[in-house]
Amino acid sequence: MSHVFHRHLSHTYPTAVGGDGAYLIDAEGRRYLDACGGAAVSCLGHSDAEVIEAVREQVGKLAYAHSAFFTTEPMEALADFLIERAPEGLSSVYFVSGGSEAVEAALKLARQYFIERGEPERRHLIARRQSYHGNTLGALATGGNAWRRRQFEPLLVEVSHVSPCYAYRGQAEGETPEAYGERLARELEDEIQRLGPETVMAFVAEPVVGATLGAVPAVPGYFKRVREICDRHGILLILDEVMCGMGRTGSLFAAEQEGVAPDLATIAKGLGAGYQPIGATLVGERIRATIAGGSGFFQHGHTYIGHATACAAALAVQRAIESRDLLPRVRQLGDGLQQRLEDRFGDHPHVGDIRGRGLFRGLELVAERESRAPFDPERKLHAAIKRTAMDHGLMCYPMGGTLDGRRGDHILLAPPFILEDGQLDEIVDKLDATLRSVLGPS
Ligand code: PLP
């Protein structure tokens with residue numbers, strides 16, 4: 001019996017022993033094409049020599065220096081790199097070890113900012129239903145995924161949840177995308193008015209929703225309206241780019257494509273591409289300046305903040321993405337993937353929607369295309385798809401059936417940026433074989 005407390009206690013997992021470009025290899029020598037980067041993490045694949053060397057070199061120099069005593073060269077260099085390329089107004093970086101920690105830091109920075117500005121009454125958070133911002137209690141409270149929250153509800157701080165921008169299921173018949181976005185903006189405005197604008201601290205959203213909806217971008221103009229509403233009421237905009245950031249959608253930050261800049265942004269997964277665990281909260285200048293000019297101290301912290309090896313890995317990853325010109329490649333591969341998915345599954349009776357940006361794509365599965373009726377969640381389609389895909393040598397990220405107990409299943413694809421064109425076909429072929437096995441012939 002394994003003594004590891006695995007998340008699925010009854011599963012037997014294959015043992016991963018190696019990586020080769022876009023493939024993971026198990027102890028039996030089986031190769032799995034990683035079409036989801038685990039969870040949108042492995043953007044440079046699994047064997048990047050430059051990144052591995054950067055990790056080796058850095059850990060050889062310095063094992064650990066606590067951030068309460070020292071700064072380090074890799075941490076400073078990575079912060080410079082990110083801020084030089086970040087949306088306007090973001091001026092410093094708080095390093096952590098993953099996405100949930102980045103979200104926790106953003107929430108606490110927002111709260112502390114308002115206290116130091118003399119607005120302690122600002123304590124309400126607004127986020128969106130069917131969203132995921134992490135599993136630690138603050139991040140879980142912020143997320144609006146009913147299934148993940150259910151048993152922990154008594155431990156969660158109160159957060160308001162408004163509708164996500166989810167055109168496939170939210171946009172009414174005959175309604176234009178613009179009118180839909182405007183309707184959602186009004187819903188946000190109404191919630192702010194209900195809470196009292198002077199008590200609202202921040203609005204939190206993912207620019208492109210990943211885990212809970214399957215690569216769903218907002219309709220045009222939605223985030224501009226959200227930014228405008230936040231500004232009008234003095235509310236901070238926190239954009240969670242833990243999954244969709246760091247080039248995944250074809251621009252370094254997904255917010256760039258919305259034409260908005262957040263007050264706080266969270267990044268993680270693609271930042272270190274899995275070579276080391278790392279996340280970060282990018283902090284707007286007015287927040288930094290307020291705290292710097294006030295208490296001068298952020299009341300938060302973790303032991304592994306800005307670990308030098310993690311920062312060195314992330315810097316090597318980000319430099320590689322830039323020097324190899326991978327962002328245009330992400331856009332090109334992403335278009336190719338979308339096209340192939342549409343060619344193969346466009347008429348599939350159980351594929352209701354194919355969507356996304358860059359190498360961040362989602363397929364929504366439906367029991368019936370016309371009515372968009374979802375599959376019965378009891379069918380646990382996502383588990384069958386994940387298992388069957390692995391049998392076919394493919395890693396994809398299926399989710400759903402449990403979202404509010406009624407929304408549909410989806411499959412998220414987030415392959416590495418180093419993919420070769422032929423591997424796009426391999427993904428689609430293996431996915432097709434998987435869906436045939438699970439759902440029957442189309
Ligand atoms: N935020 C978003 C948007 C995520 O997708 C995730 C993880 O999937 C998190 C936060 C939490 O990140 P982590 O699992 O690294 O704590």
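**Getting to know this predicted model**

In this predicted model, the largest nonpolar core has 133 residues, and those with the most contacts inside it are Ala110, Phe203, Leu264, Ala280, Leu282, Cys311 and Cys396. Helix H12 (residues 308-323) gives the most to this core, with 10 residues.

Me: What makes Leu82 a contact of Ala280?
Reply: Two residues are in contact if their C-beta atoms, placed from the backbone, lie within 7 Å. Leaving aside neighbours within four places in sequence, Ala280 is in contact with Leu82, Val93, Tyr94, Phe95, Val96, Ala102, Ile267 and Leu271, so Leu82 meets that cut-off.

Me: Why do strands E14 and E17 count as a pair?
Reply: Two strands pair if there are at least two bridges between them. Strand E14 (residues 360-365) and strand E17 (residues 409-413) are joined by 5 bridges and run antiparallel, so they qualify as a pair. Gly362 stands opposite Leu412 in E17.

Me: What makes E13 and E16 edge strands?
Reply: The open sheet of 4 strands has the order E13-E14-E17-E16, with antiparallel pairing. Strand E13 (351-357) and strand E16 (397-400) each have a single partner strand, so one side of each is left without a neighbour in the sheet. On average, neighbouring strands here are turned by 20° against each other, direction ignored. Helix H13 (residues 326-345) packs on the sheet and touches E13, E14 and E17.

Me: How do you know how many residues around the ligand are nonpolar, polar or charged?
Reply: Sorted by class, the shell has 7 nonpolar, 6 polar and 2 charged residues. Gly98, Gly99, Ser100, Gly134 and Val242 come nearest to the ligand, and helix H4 (residues 99-116) gives the most to the shell, with 3 residues.

How values were computed:
Residues are numbered from 1 along each chain as its sequence is written. This is a predicted model: local features need pLDDT of at least 70, side-chain atom pairs count only at pLDDT 80 or more; totals for chains, interfaces and linings use all residues. A residue is near a molecule or strand if its C-beta atom, placed from the backbone, lies within 6 Å of it. Helices (H or I, at least four residues) and strands (E, at least two) are DSSP runs, numbered from the N terminus. Ala, Val, Leu, Ile, Met, Phe, Trp, Tyr, Cys and Pro count as nonpolar, Asp, Glu, Lys and Arg as charged, and the others, Gly among them, as polar. Axes are lines fitted to C-alpha atoms, for helices over the stretch in contact, and angles run from 0 to 180 degrees between N-to-C directions. A nonpolar core is a set of buried Ala, Val, Leu, Ile, Met, Phe, Trp, Tyr and Cys residues joined through C-beta atoms within 7 Å. A residue is buried if 20 or more other C-beta atoms lie within 10 Å of its own, exposed if 12 or fewer, and partly exposed in between; C-beta atoms are placed from the backbone.
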